[in-house]
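Trainee: I would like a close look at one part of this protein. Could you take me through the nonpolar core and what surrounds it?

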Amino acid sequence: MSTPPTFDVEVDARGLVRPDVAAVGDLAAFPTPRGRRRVPLWSSAIEQAKVAARALVHGDATPPLRFQPYFWTEQFGLSLKAVGTLPVAGEPEYVDGEPGGGPALMRWPHADGTADVVALDYRVPVPRLRRMTRASA
């Protein structure tokens, strides 16, 4: 059995194929720091659509989409949510909780003030984790 072909529609950083045509979601291949790629997550499709709609109306005045990777899973009785670039390096700051077990909310800060953030068995919505990655957090 052969694998069906995948079709990528190459778009600019605002989701535009050309000034009057946009593509978003599973088929849209956006430029990223790691090359052109699709980001097939439902939340990413929503972010892409918002930026593409603005770009169709406002053109180049629209800021480009900035992808913010995130991941979450529940496995073997543990919950893990992460926002930022994985894998992380070094020891985290514990925002809440402590090393050695139990729920924890951790940040790995970067020199520019941004951070990667991980919640382990810690109930927190992903939008809050996203805010914690920003320099102003």
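Mentor: Here is the core, with the rest of the chain as its setting.

This is a predicted model. Start with the whole chain. It has 2 helices and 10 strands. Along the sequence the pattern reads β-β-β-β-β-α-β-β-β-β-β-α. The C-alpha trace spans about 55 × 45 × 25 Å along its principal axes. Of the 137 residues, 31% count as buried.

Now the core itself. In soluble globular proteins, nonpolar side chains tend to be buried together. The largest nonpolar core here has 10 residues. They are Tyr-70, Val-83, Leu-105, Val-117, Ala-119, Tyr-122, Val-124, Val-126, Leu-129 and Met-132. Find strand E10, residues 115-120, and helix H2, residues 126-132. Each of these two elements supplies at least two residues of the core. H2 gives the most, with 3 residues.

Next, go to the loop between E10 and H2, where Asp-121 sits. Most residues other than glycine have a negative phi. Asp-121 counts as partly exposed, at 31% relative accessibility. The cut-off matters here: buried means under 20% and exposed means over 50%, so a value in between is called partly exposed.

Phe-76 also has a positive phi, about 50°, and is not a glycine. Look for Phe-76 in the loop between strand E6 (70-75) and strand E7 (78-83). Is Phe-76 buried or exposed? Phe-76 is exposed, with a relative accessible area of 83%.

Move on to a sheet. Strands of a sheet pair through backbone hydrogen bonds, either parallel or antiparallel. In this chain, 3 strands form an open sheet in the order E1-E4-E5, with mixed pairing. The edge strands are E1 (9-10) and E5 (35-38), and each pairs on one side only. Strand E4, residues 28-32, pairs with E5 in the antiparallel sense over 4 bridges. Pro-31 has Arg-36 in E5 as its bridge partner.

Finish with the surface. The chain exposes about 9,200 Å², and carbon and sulfur atoms supply 57% of that area. There are 16 positive and 15 negative charges, and their mean positions are 5 Å apart.

Key
Residues are numbered from 1 along each chain as its sequence is written. This is a predicted model: local features need pLDDT of at least 70, side-chain atom pairs count only at pLDDT 80 or more; totals for chains, interfaces and linings use all residues. Side-chain values use heavy atoms; hydrogens and water are left out. Buried means under 20% relative accessible area, exposed over 50%, partly exposed in between (1.4 Å probe, protein chains only). Accessible areas come from the Shrake-Rupley method with a 1.4 Å probe; for residues, only the protein chains shown count as cover. Lys and Arg count as positive and Asp and Glu as negative; His and the chain ends are not counted. The place of a charge is taken as NZ of Lys, CZ of Arg, CG of Asp or CD of Glu. Two strands pair if DSSP finds at least two bridges between them. A nonpolar core is a set of buried Ala, Val, Leu, Ile, Met, Phe, Trp, Tyr and Cys residues joined through side-chain atoms within 4.5 Å.
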